[in-house]
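Here is a quick walk through one protein model, with the helix packing taken in some detail. Have a look at the fold, then read on.

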Amino acid sequence: MTMTASERETGQSAPADISNNPPVLTVDGLRTYFDLRHGVVKAVDDVSFSLAPRETLAIVGESGCGKSITALSVMRLVPDPPGRIAGGTVRLDGVNLLTLSEEAMRGVRGKDIAMIFQEPMTSLNPVLTIGSQIAEVLLLHEPLSRRQAWDKSIDMLKLVRIPEPEQRAKEYPHQLSGGMRQRAMVAMALACNPKILIADEPTTALDVTIQAQIIDIILDLQRKLGTAVILITHDLGVVAETAQRVIVMYAGRKVEEALVEELFARPQHPYTHGLMASIPRLALMRGEQEDTTGRLQEIPGMVPALTDLPEGCVFAPRCAYAENRCRQTYPVYEEKRPRHWAACWRSAELFGGPDG
């Protein structure tokens, strides 16, 4: 059974802005589908959120839950066909990006909204130098001469702490290490001082030390430039250290949302509990008494195929707490605690209500 229209209206439009200022980005009822031979894949199914100026919003979940497609939908980079944005609105300062022409949207990408992709080698042009690629973005959006654009590209490489930026600007992507390439991607994304930066798994395939440096650079530039950040990740440790608010997605839907401290202290959805339980703990690694099995906990089963979602709660087949109602009717996405929303029939009973 699918969610009813009234249930969707009740839940997915829940307010999320933590600032007194109007949100810079408001996504409402976003649906992104892929038409494939074996059926329609509902990659993003009625997702709503807002983003405040200077805020860091984290979107977390397993691979295949819809995090990256949500970001690509905001940027209008979903390949069509087979993908299509089937419904909803994406408003940047009140302007619905989904109604803009492709030419107008090209003026938004890089200027107002920029994105850092998972693997820089697939995003950087292998036959252009790093400096020329950053300068190209500047020339597209700013009234600069080529010399001014080149000089600013070197300044951006300095900002992201690349040593010898004048020399690095003349090098090609393959001549840089993975960490340096990702820094160059950050420099390119922030060159035009965008209002919003979407960082899609920006530290994937990098070692732990470089991961920390990249995140630190992004947050440092956010403070300097005033950019709002959407951080897409599966690393809850990064979320705890960087974000003000967290959205948890599962099978294309938003299942929980809260301020980061609230989410870690009192998660209201069994899936979020499973994610928390899978984090390695220091006591476990030291062999102390907190965990006698010496094994990480895992969530049993797999994310269901998005062409054949189960009736009721999509997490029910993997949930230890599921009952008949969970398997028959999708739960209402509602406020369980102040500014804390979740889609679970049993959250008050299992995890405590407003005073729990």
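Predicted model: local features only at pLDDT ≥ 70, side-chain atom pairs only at ≥ 80, totals over all residues.

## A loop, some helices and a few cysteines

Let's start in a loop: Arg339 sits between strands β11 (333-337) and β12 (340-343). With a relative accessibility of 42%, Arg339 counts as partly exposed.

Zooming out, the protein chain has 14 helices and 12 strands. Of its 356 residues, 53% count as buried. Take the contacts between residues at least 6 apart in sequence, and 66% of them join residues at least 24 apart.

| Helix pair | Angle between axes | Axis distance |
|---|---|---|
| α4 (130-141) and α7 (178-190) | about 20° | 9 Å |
| α4 and α5 (146-159) | roughly 115° | within 8 Å |
| α7 and α8 (208-225) | about 15° | 10 Å |

Take α4 and α7 to begin with. They pack at an angle of about 20°, and that makes α4 roughly parallel to α7. The crossing is right-handed. On the α4 side, the contact is made by Ile130, Gln133, Ile134 and Val137, and α7 brings Ala184, Ala187 and Met188. Sorted by class, this contact of α4 with α7 has 6 nonpolar residues, 1 polar residue and no charged ones.

The meeting of α4 with α5 has its axes crossing at roughly 115°, and here too α4 passes its partner in a right-handed crossing. The α4 residues involved are Ile130, Gly131, Ser132, Ile134, Ala135, Leu138 and Leu139, and they meet Arg146, Ala149, Trp150, Lys152, Ser153 and Leu157 of α5. That contact divides into 8 nonpolar, 3 polar and 2 charged residues.

Gly179, Gln182, Arg183, Val186 and Leu190 of α7 make the contact with Ile210, Gln213, Ile214, Ile217, Ile218, Leu221 and Leu225 of α8. By class, the contact of α7 with α8 comes out at 8 nonpolar, 3 polar and 1 charged.

Setting aside neighbours within four places in sequence, His141 touches Arg106, Gly107, Arg109, Gly110, Lys111 and Cys192.

Finally, the cysteines. How many disulfides does the model have? The count comes to 0. For Cys313, the closest cysteine sulfur belongs to Cys326 and is 6.4 Å away, so the two are too far apart for a bond. Cys319 is in no disulfide either, with the nearest cysteine sulfur, in Cys344, at 6.5 Å. Cys313 is buried, with a relative accessible area of 10%, and Cys319 also counts as buried, at 16% relative accessibility.

Technical notes:
Residues numbered from 1 in each chain as written. Heavy atoms only, no water. Axes fitted to C-alpha atoms, helices over the stretch in contact; angles between N-to-C directions. Helix = DSSP H or I, 4+ residues; strand = E, 2+ residues; numbered from the N terminus. Parallel < 35°, antiparallel > 145°, perpendicular 65-115°, else oblique. Left-handed = near helix turned anticlockwise from the far one by under 90°. Contact = heavy atoms within 4.5 Å. Nonpolar A, V, L, I, M, F, W, Y, C, P; charged D, E, K, R; others polar. Disulfide = S-S within 2.5 Å. Buried < 20%, exposed > 50% of the residue type's maximum accessible area, 1.4 Å probe, protein only.
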